[in-house]
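Visitor: Could you walk me through this model, one question at a time?
Guide: Gladly; here it is.

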Amino acid sequence: MTAFARNQWYVAAYSHEVSRELLGRTILGEPLVFYRTEEDGTPVVLHDRCVHRRYPLSEAPTRLDGDKIVCGYHGFTYDTTGTCVYVPGQKRVPRTARVASYPVVEQDSLIWVWIGDAALADPQTIPRAKHLDSPGWTTVRGMEPIDADYGLLVDNLLDLSHETYLHGGYIGTPEVAETPITTEVDEGAGIVRVSRHMDDAECPPFYAKSTGITGRINRWQDIEYHAPCLYLLHSRVAPVGVLPEADGSDPGGFHTEVTYCITPSGDGKVYDFWAVSRDWATEDDEVTEFLAGNNRTVVMQDVTALNLLQKTLGTERHGYQELSINIDTGGLAARRILARLVEEGDKPMEKVH
Ligand code: FES
Ligand SMILES: [Fe+2]
C-alpha cells in the first residue's frame with residue numbers, strides 16, 4: 001500500500017460541492033465535514049466526529065445554526081474553529097470540548113485541505129489549475145471514488161499507453177501505445193513530465209466527434225504531475241500539416257486541458273476527481289454534453305480496471321515481482337517522489353508557481 005504524504009495539500013471537493021448543506025468526505029483516513037459560512041461563503045473544514053459520542057457531524061439531523069454546527073444527537077454546538085460553545089444541561093462547557101479544524105484554500109474552483117501539521121501549511125505551494133476557473137475555458141467534471149490504492153491511479157495516469165487497450169474506441173488509437181515517450185523529472189519541485197508527440201495519427205472518436213476533424217491528426221500529450229495530488233494533461237490535436245513553429249511555440253489546433261486530482265481517502269481508497277477543459281467550441285452545449293458523457297465512460301473504464309487490479313493484488317503472495325519497461329518511466333519517477341515526500345517527514349514542496 002502506498003503510504004500517505006500527510007504534510008501536503010489535497011483536493012477534497014469541487015467548489016460547487018461545498019455549500020450551506022453539510023458535506024462529509026474522508027481524506028487520508030480523516031473524516032471531515034465541510035460547509036460555508038453564511039456571511040461570506042468561506043469554506044469551513046472540521047473533524048467529522050462529535051467530541052461527545054462521536055456522532056458524524058456531516059449526518060442529519062446535524063444542522064447549521066448561522067455559522068455554528070449543531071450535533072444532531074445531543075446538541076453539542078461548535079463554531080467555525082471547532083470550539084464547542086454550547087452543551088446541553090449545564091452552563092460550563094468542558095475545556096477539551098473541541099473538534100479539529102483544518103487549513104483550507106479555495107482556488108481554481110477546487111477546495112484544497114491540509115491534514116498534517118497546520119504550522120507547515122503554506123497556500124503558496126498549491127499548484128495551479130487556472131483553466132478550471134478562467135474565462136475562455138469550458139469545463140466538464142466529475143468525481144469517482146475508487147477502491148484502490150492511490151498509487152495505482154498515479155501509475156495509471158502517468159502511463160497513457162493504456163489508452164490504446166483500455167480506452168480503444170474512445171481516446172485510444174494504436175499510435176498512443178506505439179509512440180515512445182520522453183520523461184523529465186524535477187525532483188526538487190516534485191514534478192514529473194511525460195510527453196508523447198504523435199505525427200500523422202488516427203483521430204480518436206473522442207476528438208473526431210467533438211472537434212469535427214475528419215482526417216488524420218498530429219497529437220500532443222504533455223503530462224505534468226505535481227506530486228502528490230494534481231495531474232495535468234496538456235492535450236492538443238491538430239489536422240496533419242499544422243505543426244509547431246520552429247521555435248516550439250503554439251502550433252494551434254484544439255487545446256484540451258485534462259485535470260485529475262488524486263486524493264487518497266483511506267487505505268486502498270482514492271477519490272478520482274476528473275475534469276476536461278477546452279478553449280474551443282466553448283459555447284456549444286452539444287460538445288459539452290458529448291465530452292461529459294464520453295469522458296465519464298473513459299473514467300469508469302479506469303475505475304473498473306483499478307477496482308479489479310486492487311482485488312487481484314490483494315490475493316497475490318507477498319513480495320510478488322513487477323516487470324517494468326520504458327512506458328513506466330514516469331510512473332516509477334512518481335513513486336520515488338511520493339516515497340521521498342513520505343520519508344522526509346513530509347516537507348512541503350517548494351513554491352512552483
Ligand atoms: S454525540 Fe454529539 S452531542 Fe452527543
Ligand atoms: Fe485511463
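Predicted model: local features only at pLDDT ≥ 70, side-chain atom pairs only at ≥ 80, totals over all residues.

Guide: Residues are numbered from 1 along each chain as its sequence is written, while chains are lettered from A and ligands numbered from 1 in the order in which they are written.

Visitor: What radius of gyration does the protein chain have?
Guide: The radius is taken over C-alpha atoms, and the globule rule is 2.2 Å times the number of residues to the power 0.38. Along its principal axes, the C-alpha trace spans about 75 × 50 × 35 Å. For 353 residues, a compact globule would have a radius near 20 Å, and the chain agrees with that at 22 Å.

Visitor: How many residues of helix 1 are buried?
Guide: A residue is buried if 20 or more other C-beta atoms lie within 10 Å of its own, exposed if 12 or fewer, and partly exposed in between, with C-beta atoms placed from the backbone. Over the protein chain, 38% of the 353 residues count as buried. Helix 1 spans residues 150-158 and is mostly covered; its buried residues include Tyr150, Leu153 and Asp155. The count for helix 1 is 9 of its 9 residues.

Visitor: Which strand gives the largest share of the side of domain 1 that touches domain 2?
Guide: Domain bounds come from an automatic or database domain assignment, here domain 1 (9-123) and domain 2 (128-343). Taking two residues as in contact if their C-beta atoms, placed from the backbone, lie within 7 Å, 12 residues of domain 1 are in contact with 13 residues of domain 2. Strand 1 (9-14) and strand 2 (23-27) each supply at least two residues of the domain 1 side. The largest share, 5 residues, comes from strand 1.

Visitor: Which residues have the most contacts inside the largest nonpolar core?
Guide: A nonpolar core is a set of buried Ala, Val, Leu, Ile, Met, Phe, Trp, Tyr and Cys residues joined through C-beta atoms within 7 Å. The largest one has 82 residues, and domain 1 and domain 2 both give residues to this core, so it lies between them. Beyond four places in sequence, Val113 touches residues including Tyr10, Ile27 and Val45. Those with the most contacts inside the core are Ile111, Val113 and Leu153.

Visitor: Where does Pro228 lie?
Guide: Most residues other than glycine have a negative phi, and most peptide bonds are trans. The bond from Ala227 to Pro228 is cis, with omega near 0 degrees; the bond from Ala60 to Pro61 is also cis, with omega near 5 degrees. Pro61 lies in the loop between strand 4 (43-47) and strand 5 (63-65). Pro228 is in the loop between strand 14 (217-226) and strand 15 (230-239).

Visitor: What phi does Asp108 have?
Guide: Asp108 sits in the loop between strand 9 (104-107) and strand 10 (110-114). With 19 other C-beta atoms within 10 Å, Asp108 is partly exposed. Although Asp108 is not a glycine, its phi is positive, at about 55 degrees.

Visitor: And what phi does Ala281 have?
Guide: Ala281 is found in the loop between strand 17 (269-278) and helix 5 (285-314). Ala281 counts as partly exposed, with 16 C-beta neighbours inside 10 Å. Ala281 is not a glycine, yet has a positive phi of about 45 degrees.

Methods:
Helix = DSSP H or I, 4+ residues; strand = E, 2+ residues; numbered from the N terminus.
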